[in-house]
Amino acid sequence: MNNQSVSAQRDLTMKLPIYLDYSATCPVDPRVAKKMAEQLTMEGNFGNPASRSHLFGWKAEEAVEDARRNLAELVNADPREIVWTSGATESDNLAIKGAAHFYQGKGKHIITSKIEHKAVLDTCRQLEREGFEVTYLNPREDGIVYPEQVQEAMRDDTIVVSLMHVNNEIGVINDIAAIGEICRARKVIFHVDAAQSAGRLPIDLAETKVDLMSFSAHKMYGPKGIGALYVRRKPRVRLEAQMHGGGHERGMRSGTLATHQIVGMGEAARIVKEEMAAESKRIEALRDRFWDQIKDMEEVHVNGSWEQRVPGILNVSFAFVEGESLIMSLKDLAISSGSACTSASLEPSYVLRALGVNDELAHSSLRFSFGRFTTEHEVDTAAAEVRKAVEKLRELSPLWDMYKDGIDLNTIEWAAH
Ligand SMILES: Cc1ncc(COP(=O)(O)O)c(C=O)c1O
């Protein structure tokens with residue numbers, strides 16, 4: 001899809017579609033927005049948390065530390081183990097580059113997977129350019145990277161393993177507790193990108209042997225532009241800072257703390273900790289309600305393990321449907337496709353490819369992600385729209401006709417062109 005056709009599709013005055021893209025970002029919870037607004041003005045808490053000589057600074061510092069405590073409590077960590085960043089992208093960079101640079105005297109080998117977020121993959125690519133060696137594990141067909149795969153990839157010079165907790169495209173969960181045991185036994189730093197799992201799954205860092213964990217506020221109903229990195233104190237994990245300046249955040253991340261953003265993330269963490277159990281149940285019921293209404297269509301497949309997944313993400317492939325046409329006919333739904341729109345072409349998702357999904361099916365895959373403000377009515381409307389669009393597009397498809405006539409499409413010799 002070129003830039004021209006992308007902009008031609010945009011009509012910013014159109015009716016708002018149903019939002020089913022909570023994995024991309026969440027709206028800020030109004031309770032969070034209210035608390036954030038209080039941090040901005042003269043009457044509020046606008047001070048610089050690093051100003052140690054007056055009340056404005058002290059109050060801002062207190063607000064930052066309250067937020068730090070809230071986030072730490074969400075994952076059962078010590079508040080001193082939380083470093084504020086600008087989001088999970090920065091946390092991933094700080095964790096992987098910071099650890100790789102600090103521990104490079106011990107070795108230069110890193111293990112990750114092919115289906116990590118670009119924030120991890122591109123960071124690893126950069127380290128390769130600096131002389132590090134990276135092993136990219138292929139997940140199994142169910143989208144999971146198994147602990148034994150990590151064990152097998154370990155070398156004497158491995159210094160960092162970086163694997164995501166929950167995949168952002170397919171919602172599948174990795175067993176980070178088991179992988180943590182393997183890493184700890186070999187004294188290898190274990191980094192986990194938890195952008196999609198924090199607030200959606202219980203995380204206990206006192207129990208789980210994770211050394212570094214990335215978080216993002218906007219995936220848990222907080223604001224964009226703020227995140228955090230958990231940095232274990234016992235056993236102590238060291239990082240080389242990537243941002244130099246005033247020595248904030250114990251020297252690991254300089255820069256004036258954005259009090260309103262941090263307070264927003266803290267409040268988001270506090271709310272999600274309280275509501276996670278009930279919210280997960282409700283969202284799972286919505287997902288099942290959606291799936292129940294489309295699953296009886298033929299040749300519709302869920303990508304990734306059904307059992308080991310977060311409740312809110314469902315990635316579905318619709319065979320015999322042209323992907324771009326499908327997205328175009330679902331204008332009333334805000335969803336994400338199995339293709340990434342680059343400047344010149346629609347690339348099939350690298351995540352689905354790594355699972356062995358063929359390019360055609362990857363193109364006709366959609367990610368539906370449900371969240372705090374999704375209603376049953378929205379789910380029912382969305383399911384009906386999807387059914388209608390898929391059925392209509394299949395009516396136009398000669399391949400679908402052949403499939404329905406029982407012709408094995410694999411036996412057809414297509415004319416070369
Ligand atoms: C798994 C994962 N990691 C990292 C990120 C990047 O997070 P942020 O937008 O906070 O930089 C995202 C968000 O898209 C994500 O889903």
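This is a predicted model: local features need pLDDT of at least 70, side-chain atom pairs count only at pLDDT 80 or more; totals for chains, interfaces and linings use all residues.
Biologist: Where does H8 bend?
Modeller: At methionine 276, by about 65 degrees.

Biologist: How does the model score on pLDDT, ipTM and pTM?
Modeller: The average pLDDT over the chain is 93, and 94% of the residues reach at least 70. The ipTM is 0.99 and the pTM is 0.94.

Biologist: And where does pLDDT stay under 50?
Modeller: Over residues 1-8. The model gives that stretch 12 contacts beyond four places in sequence.

Biologist: Switching to the inside. Which residues have the most contacts in the largest nonpolar core?
Modeller: Leu71, Trp84, Val161, Phe190, Met213, Phe215 and Met265, in a core of 42 residues. Another core, of 27 residues, lies apart from it; Leu20, Val316, Leu333 and Ile335 are among its members.

Biologist: Take methionine 213. What is it in contact with?
Modeller: Leaving out neighbours within four places in sequence, methionine 213 contacts Ile176, His191, Val192, Ala194, Ile203, Leu205, Ala228, Leu229 and Tyr230.

Biologist: Is cysteine 124 buried or exposed?
Modeller: Buried, as its relative accessible area is 0%. Cysteine 26 also counts as buried, at 1% relative accessibility.

Biologist: Now isoleucine 173. Where does it lie?
Modeller: In the loop that runs between strand S5 (158-164) and helix H7 (176-185).

Biologist: In a loop, then. Buried or exposed?
Modeller: Isoleucine 173 counts as buried because its relative accessibility is 15%, and the cut-off for buried is under 20%.

Biologist: What does isoleucine 173 touch?
Modeller: Setting aside residues up to four places away in sequence, isoleucine 173 touches Ile144, His165, Val166, Leu201, Gln308, Arg309 and Val310.

Biologist: How many residues lie between it and glutamine 308 along the chain, and what separates their C-alpha atoms?
Modeller: Isoleucine 173 and glutamine 308 are 135 residues apart along the chain, and their C-alpha atoms are separated by 5.6 Å.

Key. Residues are numbered from 1 along each chain as its sequence is written. Side-chain values use heavy atoms; hydrogens and water are left out. Helices (H or I, at least four residues) and strands (E, at least two) are DSSP runs, numbered from the N terminus. Buried means under 20% relative accessible area, exposed over 50%, partly exposed in between (1.4 Å probe, protein chains only). Contact means heavy atoms within 4.5 Å. The bend at a residue is the angle between axes fitted to the seven residues ending there and the seven starting there. A nonpolar core is a set of buried Ala, Val, Leu, Ile, Met, Phe, Trp, Tyr and Cys residues joined through side-chain atoms within 4.5 Å. pLDDT is the predictor's confidence in each residue, from 0 to 100.
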